[in-house]
Amino acid sequence: METNNRNCLRCQEEMTRVSVIPGGGGGVLLIEKMKSGFFKGKTSSVNAFVCTQCGYVELVAENPAIFKEK
Ligand SMILES: [Zn+2]
């Protein structure tokens with residue numbers, strides 16, 4: 001999956017991939033599928049990109065397909 005080249009939605013500037021640093025420390029930021037408050041084990045790491053022009057930050061799931069409803 002190509003995630004290294006993204007352009008800013010606002011000014012079309014090429015965005016730079018950056019690290020997401022969670023407050024608690026420990027590595028990657030995760031997103032999880034919400035389903036009646038029960039953990040289903042479906043998580044994806046998140047890639048972050050910042051526009052060096054306007055400062056817009058975009059978060060992109062590494063594996064978005066796992067959240068697709070069957
Ligand atoms: Zn921008």
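This report describes the protein chain shown above and two of its residues.

The structure is a predicted model, in which local features need pLDDT of at least 70, side-chain atom pairs count only at pLDDT 80 or more, and totals for chains, interfaces and linings use all residues. Residues are numbered from 1 along each chain as its sequence is written.

The protein chain contains 0 helices and 4 strands, and its elements follow the order β-β-β-β from the N terminus. Helices (H or I, at least four residues) and strands (E, at least two) are DSSP runs, numbered from the N terminus.

Of the 70 residues in the protein chain, 6% are buried. A residue counts as buried if 20 or more other C-beta atoms lie within 10 Å of its own, as exposed if 12 or fewer do, and as partly exposed in between; C-beta atoms are placed from the backbone. Two residues are in contact if their C-beta atoms, placed in that way, lie within 7 Å. Among contacts in the protein chain between residues at least 6 apart in sequence, 47% join residues at least 24 apart.

The table presents two residues.

The phi of Q12 is near 65°, a positive value in a residue other than glycine.

From C-alpha to C-alpha, S45 and L30 are 4.8 Å apart in space, and they are 15 residues apart in sequence.
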